[in-house]
Amino acid sequence: MSLPALQAALRRGPSFSPFVVLGDPTPELSVTLARTAAENGGDMLEIGFPYSDPVADGPAVQAAGFRSLAGGTSTRSALRLLGRIAAACPETPLNLLVYGNLVHQIGWDRFAGEAVAAGASSLLTPDIPLEEAGPLRRASERAGLGHVELAGPLTPRQRLQRLAEAADFVYLAGFQGVTGVRSAGFQAMADRLREAREQVGVPLCLGFGLSRREQITAAFAAGASIAVVGSHFARIVERIFRGPEDEERLLAAYAAAARRLAGRDGSTKN
């Protein structure tokens, strides 16, 4: 889905975004899991390319990436999988999380063009700071790919504003550190989100730590346009899948989790 379509989706209201690592637990199943998440409440999908040094990711997402790499997923094959997901979910914005070295290896313009051709809406490279992101930002603009900047709970006001000026939306990490499920500290997260909402004029995406419907609801109430859940889904894969015989059970658990987090199961509890 294109950047204008993503922007239109953001204007319609808050979006719940499951996170899927391409190639995990297998290439075929990662496409099916993405479609399952979209069909069961995912307004958007965050799509991760596996990388050997995922510095922003906690244990669950790291393990997902390593499983994918062990299965042979490359940047090229990940782009092909992305295209299959876009074909299966034509109305779902696909927001990419890709580490900078993978993009640089292919080339800023070439990667941005191929990502858009495969169906990507936007791109976050969490290890490329604002000061070094100019070439990629310009390449993304030429290709029609949304540019996303990453901010943290300790990012100063002035820098947050600079990030927002350079981005189509800002991904705000709800907690300092890496991704992972948290069970405390959400009042401070909500307060930070409200403060950031008053400071910037672009949509805010909240991630790092969300795993329950009530957390997502609180994020939307505090001003988030997108709420990303990643480690929770990666843990489902890690817990259930050992081989083809587990596929049906994995898909059922994945669908149930997506419905619960989207508020489609009639409950606000996890």
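## Cysteines

Buried means under 20% relative accessible area, exposed over 50% and partly exposed in between, with a 1.4 Å probe and protein chains only. This is a predicted model, in which local features need pLDDT of at least 70 and side-chain atom pairs count only at pLDDT 80 or more, while totals for chains, interfaces and linings use all residues. Residues are numbered from 1 along each chain as its sequence is written, and side-chain values use heavy atoms, leaving out hydrogens and water.

The structure has zero disulfides (a disulfide is a pair of cysteine sulfur atoms within 2.5 Å). Cysteine 89 is in none, and the nearest cysteine sulfur, that of cysteine 205, is 18 Å away, too far for a bond. Cysteine 89 is buried at 6% relative accessible area, and cysteine 205 is buried at 2%.

## Aromatic pairs

There are four aromatic pairs, counted when ring centres of Phe, Tyr or Trp (its six-membered ring) lie within 6.5 Å; planes under 30 degrees apart are stacked, over 60 edge-to-face and the rest tilted. One of them joins tyrosine 171 and phenylalanine 208, edge-to-face because the planes stand at 70 degrees, with centres 5.9 Å apart. Tyrosine 171 lies in strand β6 (residues 169-173) and phenylalanine 208 in the loop between β7 (204-207) and α10 (213-221), 37 residues apart. Both residues are buried.

## Helix α3

Helices (H or I, at least four residues) and strands (E, at least two) are DSSP runs numbered from the N terminus. Helix α3 (residues 59-70) has twelve residues and spans 16 Å from first to last C-alpha, close to the expected 16 Å, which is 1.5 Å times one less than the number of residues. Its buried residues include Ala60, Val61 and Ala64. Glycine 72, with a positive phi near 100 degrees, follows α3.
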